[in-house]
Amino acid sequence: MLKRNFFPSAGLVLSLLLILFPAPVAAAATTDLAPQPVAASAAHGANDLQDDVWEEESWEEEWQAQESLADPLEPLNRVFFQFNDKLYYWFLKPVARVYDLFIPEDLQTSVRLFFDNLESPARAVNCLLQGRVRDSSVEVARFLLNSTIGVAGFGDAARDVAGLRSSQEDLGQTLAHYGAGGGFFIMWPFLGPSNLRDSIGRVGDSYMHPYTFLDLEREVTIGARVFERVNYTSLTLGDYELFTETALDPYTAVKDAYQQYRNGQIQNR
Amino acid sequence: MGKFLQGKILTVILGATVLSLVAGVGSLPAAGGGPLEQLQQSMDEVLGILQDEELKSPERKEERRKRVILVVNEMFDFREMARSSLGQSWNSLSPAEQEKFVGLFTSLVEERYIGKIDSYTDQKVVYTKELVKGDRAMIYTSIVDKDLDIPIVYRLQKENGRWLAVDLKIENVSLVVNYRRDFDVIMRKEKFAGLVEKISSQLEKTQTSN
């Protein structure tokens, strides 16, 4: 129900933002080099890298953090943060630990790839919306390859065989591409950190998800999402604890990490 | 949008923890070595410790960790990181308070970034770009771990002829910036005394839970 109300506004926001200037990131004058795997000992590769010179300002700018995201809902967000924290310790973690006992890690990785593959259609559309035709076709090719020879997405044949890498685009990034700021921070119960722009994006993206094409029952979709989450938690057991226990105010640390992470995704094409 | 962002972010920050520091860890630089060479050399040293079969036994766990930390301390300028994580407030501290804070900050960072050292398996490190300008440098790396490819950028400064890392970004999340925002909340409400108390109590918690 919520989705139906949200979707038109996503379209509206997008069209409004189309007229706003895109904010290209000042690129440093650098030379990208072919990635070179380095094992423990080898020191090769270093000589191929060049020292580059670029504008004085871009140096600091590139590293500087952006302004902290507005958080008018902080009291409520903190309540949901606590809720999610309890959800993790009381439900997700115990379930994931049991799951982890029975499911080998390789299979868990395959499951993660399977769910990741389902995001491809939305990524393809978002690349297109950002005018990135080539990246869009890569997403389409990835989806086709991984859904077939990748055994229904349980492997990443597109990457391993064809060298096709996902651009990891989503509607939140597309909106940002057309100038939308994050708006304000939102901590959703169950779903975790987000902001206004990315929440709208998330709803929009859900319309491009196979669950929606296949018109799955709501219960089935939720079940699949929970399973995906359990699998993911199993692969990352301990990370949440480590991060929150080494933060003084975990809420603030998560909020900032979310913002920095998303800004990075938006800037890195 | 990524599926489970909270989890994703945490992976982002922590999934790579071992190698993040690993890739930035260092020892004495080769004479005349650039930032990349120094970084690589350091990383090799830590990888060597992590891959050492003899050190993998449970009873040598603590020794292994200590050896890694030793190398990390050689490579990172923790004092500079502590200073910049505190922002303006740093200048209002007495030298003794600054020293105390550097110690606490170092322990906190070690907990967060070396905490997952035992989960190191066979991740590979890839160098993608090196930027050098005067006494500053940025090294772009990436950790390849099964289905994941985690970008890590190191920011280095040259001090007394040696390149030292002063920050790192894992999937664009800067260690120093994240702590600055975190500390800022505490500093505003509880001042330096509150900050010290909070870090100390967090360290006690993590050290007992490990």
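In chain B, the axes of helix α5 (residues 78–86) and helix α6 (residues 95–114) come within 9 Å and cross at roughly 100°. Axes here are lines fitted to C-alpha atoms, for helices over the stretch in contact, with angles running from 0 to 180 degrees between N-to-C directions. Helices (H or I, at least four residues) are DSSP runs, numbered from the N terminus. α5(B) and α6(B) are therefore roughly perpendicular to each other. Angles of 65 to 115 degrees count as roughly perpendicular, under 35 as roughly parallel, over 145 as roughly antiparallel, and the rest as oblique.

The model is predicted: local features need pLDDT of at least 70, side-chain atom pairs count only at pLDDT 80 or more, and totals for chains, interfaces and linings use all residues. Residues are numbered from 1 along each chain as its sequence is written, chains are lettered from A and ligands numbered from 1 in the order in which they are written, and side-chain values use heavy atoms, with hydrogens and water left out.

On the α5(B) side, the contact is made by B:F78, B:R79, B:M81, B:A82, B:S85 and B:L86. On the α6(B) side, B:Q98, B:E99, B:F101, B:V102, B:F105, B:T106 and B:V109 take part. Contact means heavy atoms within 4.5 Å. The residues of this contact divide into 8 nonpolar, 3 polar and 2 charged. Ala, Val, Leu, Ile, Met, Phe, Trp, Tyr, Cys and Pro count as nonpolar, Asp, Glu, Lys and Arg as charged, and the others, Gly among them, as polar.

Helix α5 of chain B also holds B:E80. At 18% relative accessibility, B:E80 counts as buried. Buried means under 20% relative accessible area, exposed over 50%, and partly exposed in between (1.4 Å probe, protein chains only). Leaving aside neighbours within four places in sequence, B:E80 is in contact with B:Q157 and B:V166.

Rings of Phe, Tyr and Trp (its six-membered ring) pair if their centres lie within 6.5 Å; planes under 30 degrees apart count as stacked, over 60 as edge-to-face and the rest as tilted. B:F105 and B:Y179 form an edge-to-face pair, at 5.9 Å centre to centre and 75° between the planes. B:F105 lies in helix α6 of chain B and B:Y179 in helix α7 of chain B, so the pair ties together parts that are 74 residues apart in sequence. Both B:F105 and B:Y179 are buried. One aromatic cluster is formed by B:F101, B:F105, B:Y179, B:F183 and B:F192.

Over all chains, the structure holds 23 salt bridges. A salt bridge is a side-chain nitrogen of Lys or Arg within 4 Å of a carboxyl oxygen of Asp or Glu. In chain B, the side chains of B:D184 and B:R188 meet in one at 3.3 Å, N to O. These two residues are 4 residues apart in helix α7 (residues 175–209) of chain B, so about one helical turn separates them. B:D184 is partly exposed at 37% relative accessibility, and B:R188 is exposed at 59%.

In chain A, salt bridges that share partners join A:D170, A:R197, A:D198 and A:R262 into one network. Within it, the side chains of A:D198 and A:R197 meet at 3.0 Å, N to O. A:D198 is buried, with a relative accessible area of 0%. A:R197 counts as buried at 6%.

The side chains of B:E53 and B:K56 also form a salt bridge, at 3.2 Å, N to O. B:E53 is exposed at 59%, whereas B:K56 is partly exposed at 40%.
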